[in-house]
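Here is a short briefing to read alongside the model. Please keep the sequence and the 3D view open as you go.

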Amino acid sequence: MSSHPALAADQLVTASDLVRHFGAWQERAARAPLYVLHRGRPRFVLTSIETMDALCAAQPSLPAPTPIDAIAVLDAIGDSVLVADSSGAILGSSRAARAYFGVLARPGAPVDAIVPPDVRATLAAAIRHVIDRGIGERLEIASAARAGRMLLLAIEPAGGGVAIIAQDATRDRDSRAAHATSAALAVAGIATVTLDPDGMLGEPISGAFGAMLDLASAVPFQQRFAAFFATDERPAFEAALADALGGKATAPLDSALLRAAHPALRVRIALAPIRRDGAIVGAVAVIVAACQISDLV
């Protein structure tokens with residue numbers, strides 16, 4: 001048997017000798033660690049459970065992992081997300097969901113309460129189906145938080161419960177209809193622009209309005225809408241805009257738009273205030289080219 005200079009001879013054993021005389025070596029391992037040799041060098045250690053427990057206890061413990069704040073993660077998501085357990089109770093929700101659903105999104109509330117009572121059984125059945133099968137489902141259903149609105153729900157398995165991603169389906173349809181309306185107006189030579197309370201354009205210049213100004217592509221910058229009129233015509237527009245923003249009825253205004261490559265275009269402009277929660281937050285200007293005015297009067 002080869003020896004090891006740092007260890008006593010009675011603590012060293014070859015694998016073959018350990019197998020042949022395991023009882024004797026086992027007794028020695030109970031008193032002190034026994035080193036099993038491989039090609040003359042210590043390779044394994046045989047020791048008692050008590051010694052091993054003491055060695056493990058002497059090792060520095062690793063710090064406990066910092067738990068993940070699920071609410072903070074949800075709040076970083078722009079979508080309306082609700083997380084519910086297997087019983088249908090809400091565990092957490094994103095900031096967007098709390099803004100949309102209000103108290104209906106509070107922890108512990110039944111998640112099926114986000115829809116009206118007459119369709120809650122439909123939502124509850126869909127949730128149960130997702131939990132049982134582990135496969136997500138899509139569901140379009142009425143909203144209890146906003147009367148007359150429809151929700152598009154993506155229900156996905158999450159742990160033992162579900163995560164529900166909610167979108168306002170009615171708003172999406174309204175947006176698509178608004179885009180279609182804008183395209184139809186452009187064909188008719190009519191443009192609409194949104195103005196903020198300072199008379200600044202609230203969106204890039206494009207579409208029908210861009211065509212009126214001879215712009216080949218969208219221009220993503222803000223400027224005062226009045227800047228597109230001749231200097232002597234700006235005061236009349238500013239006065240009409242002030243009336244609209246003040247909630248007063250305004251008569252259509254005849255003016256001319258300055259253009260990039262052609263003479264000024266005669267237009268008729270109608271202004272209407274944009275109201276949100278009872279307050280006026282801007283205005284919409286409807287612009288009709290002079291060549292179209294005779295068709296509208």
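## Confidence and overall make-up

In this predicted model, confidence in the protein chain is lowest in helix H10 (residues 290-296), with a mean of 48, and highest in helix H6 (residues 120-133), at 93. The score behind these values is pLDDT, the predictor's confidence in each residue, from 0 to 100.

Two notes on reading the values come before the details. Residues are numbered from 1 along each chain as its sequence is written, and side-chain values use heavy atoms, with hydrogens and water left out. Because the model is predicted, local features need pLDDT of at least 70 and side-chain atom pairs count only at pLDDT 80 or more, while totals for chains, interfaces and linings use all residues.

**The chain as a whole**

- The average pLDDT of the protein chain is 80, and 80% of the residues score at least 70.
- Over residues 292-297 pLDDT stays under 50, and there the model has 8 contacts beyond four places in sequence; a contact means heavy atoms within 4.5 Å.
- The protein chain holds 10 helices and 12 strands, where helices (H or I, at least four residues) and strands (E, at least two) are DSSP runs numbered from the N terminus.
- Of the 297 residues of the protein chain, 30% count as buried; buried means under 20% relative accessible area, exposed over 50%, and partly exposed in between (1.4 Å probe, protein chains only).
- Among contacts in the protein chain with a separation of 6 or more, 39% come from residues 24 or more positions apart.

**The sheet of four strands**

- Strands in the order E9-E12-E11-E10 make an open sheet of 4 strands with antiparallel pairing; two strands pair if DSSP finds at least two bridges between them.
- Strand E9 (190-195) and strand E10 (253-257) each have a single partner strand, so one side of each is left without a neighbour in the sheet.
- From one strand to the next, the twist averages 35 degrees; axes here are lines fitted to C-alpha atoms (for helices, over the stretch in contact), and angles run from 0 to 180 degrees between N-to-C directions.
- E9 is joined to strand E12 (residues 279-289) by 6 bridges, and the two run antiparallel.
- Within E12, Val 284 stands opposite Thr 194, and Ala 283 is the bridge partner of Leu 195.
- E11 and E12 also run antiparallel, joined by 10 bridges, and Arg 275 stands opposite Ile 280 in E12.

**The sheet of three strands**

- Another open sheet has 3 strands in the order E1-E2-E3, with mixed pairing.
- Its edge strands, strand E1 (12-14) and strand E3 (41-46), each pair on one side only.
- The twist in this sheet averages 40 degrees from one strand to the next.
- E1 pairs with strand E2 (residues 34-38) in the parallel sense over 3 bridges, and Leu 12 stands opposite Tyr 35 in E2.

**Nonpolar cores**

- The largest nonpolar core has 27 residues, and those with the most contacts inside it are Leu 195, Phe 209, Phe 225, Phe 237, Leu 257, Leu 271 and Ile 287; such a core is a set of buried Ala, Val, Leu, Ile, Met, Phe, Trp, Tyr and Cys residues joined through side-chain atoms within 4.5 Å.
- Two or more residues of this core come from each of E9, H8, helix H9 (234-245), E10, strand E11 (265-276) and E12.
- Another core lies apart from it, with 24 residues that include Ile 90, Ala 97, Ala 109 and Ile 155.

- Gly 210 is found in helix H8 (residues 207-212) and is buried, with a relative accessible area of 2%.
- Beyond its neighbours within four places in sequence, Gly 210 is in contact with Ile 205 and Leu 215.
- Gly 210 and Arg 259 are 49 residues apart along the chain, and their C-alpha atoms are separated by 9.6 Å.
- Gly 207 also lies in helix H8, but counts as exposed at 54% relative accessibility.
- From C-alpha to C-alpha, Gly 207 and Ala 191 are 7.8 Å apart in space, and they are 16 residues apart in sequence.

**A buried serine**

- Ser 93 lies in strand E5 (residues 90-93) and counts as buried at 3% relative accessibility.
- A polar atom of the Ser 93 side chain lies 3.4 Å from the backbone oxygen of Ala 105.

Conventions: Polar contact = N/O pair within 3.5 Å; in protein donor to acceptor, adjacent residues only side chain to side chain.
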